[in-house]
Amino acid sequence: MMIKKIAFVFFALGLTACSGNGNSTLPQNSGVSNSLLEDMPQELSDSYAVNPEVQIFINRMAKEYNYDEERLQLAFSHIKVRPKVIEKSNNQPEALIPYYKYKTRFVNEDRAETGRQFAKRNAQWLKKAELEFGVEPSVIVALIGVETYYGRITGSKDVFTSLTTLAFDYPRRKEYFQSELEAYLLLAREEGWDIGDTKGSYSGAMGMVQFMPSNYRTLAIDYDKNGHIDLWNSEVDAIGSVANYLKHHGWETGQPWVVKAQVTSPDNVTNVINLGRKASTEMKDWSALGVLPTQNFSSQQTGLIALSSGPEKISYWLAYENFFTIMDYNPSRRYAMSVLELAESIGSYESH
């Protein structure tokens, strides 16, 4: 009955998800991008529009947000599951590659030098962001550098299909991605985007800062005050948005990130290494466990991080709250450490 009902809707509109119907464009002003025609399903029955969960989602969007139901039916009828998205979600490099290999992608002289150039041309905006949000310029620049190589690599797949695939065919995080799909559709309406016309990562992250739709809606800012937030082309908006994000998630101005540590007996700390995402242990308690900082340190609470620094070598750090704030951006210790190591490599761009 569901397929018959949907087919009737599209028959009434003169629209079908069938490559043999001769349609080369979608209706004018439909709010749905013609780019969805490039990989559309052969038959309506192969599309997401016939998925009962999708129909429930469409009905909810229409009722809760007064979203144009015809627009949604049309959009979902032109997409099908994107298997590569699921494959990549199950094989993320942050979880599979040892740190000493992972970081070479990001912590290198080319990315550091490109970051210094990025910082020089945006010096006034980075200083403004530091004053307003309390985030060091090198950290802002490094995060953008790790995310997209300063805007060079922002993703080439439409966000709508990727999010739909994860929202309805990736059970492990279905609830999260359904909320992000909702945020994307609301964002598309707010920004005047055609559904499917927005390119991003396989997980639906967008722009040079790779914000997920919910963060784009709530934390992205029009930092250059030109009346429009553009995270793809405006380095200024990217700088302000990253600083706003980190401040919102608890970045502590002028506070340390990590300090190298020595662990005298790894067996004593097996249960607390890489545990949780908060700095919660006093230095005296680490000392009692045989964890000793090997650099100048602050007495604030920390967490213990262990990462592979060589084929058979483990290095340890005591991580302060700012380290875990970077993990709010991407919940990977490898990622957070790469951002902070790149920030140290970029250093004070004025001195280069």
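The chain carries 35 positive and 42 negative side chains, with Lys and Arg counted as positive, Asp and Glu as negative, and His and the chain ends left out. The centres of the two sets lie 3 Å apart. Each charge is placed at NZ of Lys, CZ of Arg, CG of Asp or CD of Glu. This is a predicted model, in which local features need pLDDT of at least 70 and side-chain atom pairs count only at pLDDT 80 or more, while totals for chains, interfaces and linings use all residues. Residues are numbered from 1 along each chain as its sequence is written, and side-chain values use heavy atoms, without hydrogens or water.

Next, the overall build. The chain has 16 helices and six strands; these are DSSP runs numbered from the N terminus, H or I over at least four residues for helices and E over at least two for strands. Along the principal axes, the C-alpha atoms fill a box of roughly 70 × 45 × 35 Å. The chain exposes about 16600 Å², computed by the Shrake-Rupley method with a 1.4 Å probe, where only the protein chains shown count as cover for residues. Carbon and sulfur atoms supply 48% of that area. Of the 352 residues, 52% count as buried. Buried means under 20% relative accessible area, exposed over 50%, and partly exposed in between (1.4 Å probe, protein chains only). Among contacts with a separation of 6 or more, 70% come from residues 24 or more positions apart; a contact means heavy atoms within 4.5 Å.

The largest nonpolar core has 96 residues. Such a core is a set of buried Ala, Val, Leu, Ile, Met, Phe, Trp, Tyr and Cys residues joined through side-chain atoms within 4.5 Å. Phe-76, Ile-144, Phe-160, Leu-185, Leu-246 and Ile-326 have the most contacts inside this core. Helix α16 (residues 333-346) gives the largest share of the core, eight residues. Take Phe-160 as an example. Beyond its neighbours within four places in sequence, Phe-160 contacts residues including Leu-36, Phe-76, Ile-79, Leu-185 and Ile-195. A second, separate core holds twelve residues, among them Val-263, Val-269, Ala-306 and Tyr-316.

Val-291 sits in strand β4 (residues 291-293). Val-291 is buried, at 1% relative accessible area. Leaving out residues up to four places away in sequence, its contacts include Val-263, Val-269, Trp-286 and Leu-318. Tyr-329 is 38 residues from Val-291 in sequence, and their C-alpha atoms are 27 Å apart.

Back to charge. The structure holds 14 salt bridges, each a side-chain nitrogen of Lys or Arg within 4 Å of a carboxyl oxygen of Asp or Glu. One of them joins Arg-60 and Glu-182, at 2.7 Å from N to O. Arg-60 belongs to helix α2 (residues 52-65) and Glu-182 to helix α11 (residues 174-191), so the pair ties together parts 122 residues apart in sequence. Arg-60 is partly exposed, at 27% relative accessible area. Glu-182 is buried, at 15%. Salt bridges with shared partners join Arg-60, Glu-64 and Glu-182 into one network.

Arg-82 and Asp-158 form another salt bridge, at 2.9 Å from N to O. Arg-82 lies in the loop between α3 (69-77) and α4 (83-89), and Asp-158 in strand β1 (residues 157-158), so this pair ties together parts 76 residues apart in sequence. Both Arg-82 and Asp-158 are buried. Arg-116 pairs with Glu-109, the closest N and O atoms being 2.8 Å apart. Arg-116 counts as buried, at 5% relative accessibility.
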